[in-house]
Amino acid sequence: MTDTHIATPPPSDRIRAASARTTATRLVTDTPMGPVRIAASPDALVALDWCDPADLAPAAQDRVTGSPHPAVTALLDEAEAQLRAYLAGDLMQFDLPLAPAGTDFRRAVWQSMLDIPYGETLTYGAIARQLGSVARAVGGACGANPIPIIIPCHRVVGGGSSIGGFSARGGVDTKRFLLHLERARMPGETLRLL
């Protein structure tokens with residue numbers, strides 16, 4: 001069953017609809033998991049992805065690429081500052097406008113991820129039950145998340161003791177790093193280090 005056949009509630013206003021005319025500007029910043037690019041339109045973040053280190057030489061010359069609009073530059077600067085604070089353990093919740101491109105179902109899953117508190121996890125199955133869906137469709141939406149970390153797909157885990165997958169660079173090792181950073185609890189468990 002594809003996610004387009006599943007009835008879902010509309011996403012809340014924390015995730016905006018992506019504009020078809022969105023032109024992203026990218027900022028390259030380094031993290032403990034490797035360099036990332038953050039993309040934004042003038043009014044919202046649209047993507048965060050890991051860079052191939054071989055592509056960094058040209059990007060290092062110009063931190064903001066494309067046609068920088070002052071609002072985009074300010075938003076990218078704020079996103080970088082919040083990402084650095086999160087990775088330093090000083091920020092528990094991002095406060096950034098988000099406009100990831102995706103189906104209504106995927107945006108509903110991403111909204112559910114935003115509702116998972118720092119240091120907590122939910123299973124794919126639990127989110128599926130909330131949305132009247134199936135775990136596999138939730139996993140597909142997690143894998144398609146265009147703004148990982150900020151939309152915390154790392155907080156969605158498999159059933160039992162399974163950590164589940166992670167589609168960003170570094171895979172499950174990156175997911176473990178993020179869960180360890182938050183000292184995350186698996187559903188039904190007390191606080192523990194991974």
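What follows is a short chat about the predicted model shown above.

Q: What kind of model is this, and how are residues numbered?
A: The model is predicted: local features need pLDDT of at least 70, side-chain atom pairs count only at pLDDT 80 or more, and totals for chains, interfaces and linings use all residues. Residues are numbered from 1 along each chain as its sequence is written, and side-chain values use heavy atoms, with hydrogens and water left out.

Q: How many helices and strands does the chain have?
A: There are six helices and five strands. Helices (H or I, at least four residues) and strands (E, at least two) are DSSP runs, numbered from the N terminus. From that end the order is β-β-β-α-α-α-β-α-α-β-α.

Q: How much of the chain is buried?
A: Buried residues make up 47% of the 194 residues. Buried means under 20% relative accessible area, exposed over 50%, and partly exposed in between, with a 1.4 Å probe and protein chains only.

Q: How do β1 and β2 pair?
A: Strand β1 (residues 25-29) and strand β2 (residues 36-40) pair in the antiparallel sense over five bridges. Two strands pair if DSSP finds at least two bridges between them.

Q: What sits between them?
A: Six residues, and the two strands form a hairpin. In the turn, G34 has a positive phi of about 110 degrees.

Q: How many residues of β1 are buried?
A: Four of the five residues in β1 are buried.

Q: New topic. Which residues of α6 are buried?
A: G171, T174, K175, L178, L179, L181 and E182. Seen down the axis of α6, they fall within an arc of 155 degrees, so they line one face of the helix. The arc is that of the directions from the helix axis to the C-beta atoms.

Q: What covers them?
A: The cover includes β3 (45-50), α2 (70-87), α4 (124-131) and β5 (156-157).

Q: What comes after α6?
A: R183 follows α6, with a positive phi near 50 degrees.

Q: Where is R155?
A: R155 is in the loop between α5 (135-143) and β5.

Q: Why does R155 count as buried?
A: Because its relative accessibility is 6%.

Q: What does its side chain reach?
A: The side chain of R155 reaches the backbone oxygen of I116 at 2.8 Å. Leaving aside neighbours within four places in sequence, the contacts of R155 include Y86, Y118, L179 and E182.

Q: How many aromatic pairs are there?
A: Two. Rings of Phe, Tyr and Trp (its six-membered ring) pair if their centres lie within 6.5 Å; planes under 30 degrees apart count as stacked, over 60 as edge-to-face and the rest as tilted. The rings of Y86 and F94 have centres 5.3 Å apart and planes at 40 degrees, so that pair is tilted. The pair of Y86 and Y118 is edge-to-face, at 6.2 Å centre to centre with 85 degrees between the planes.

Q: Which parts does the pair of Y86 and Y118 tie together?
A: Y86 lies in helix α2 and Y118 in the loop between α3 (104-114) and β4 (122-123), so the pair ties together parts that are 32 residues apart in sequence.

Q: Are Y86 and Y118 buried or exposed?
A: Y86 and Y118 are both buried, and F94 is buried too. Ring pairs link Y86, F94 and Y118 into a cluster.

Note on methods
Contact means heavy atoms within 4.5 Å. A polar contact is a pair of N or O atoms within 3.5 Å; within protein, one must be able to donate a hydrogen and the other to accept it, and residues adjacent in sequence count only if both atoms are side-chain atoms.
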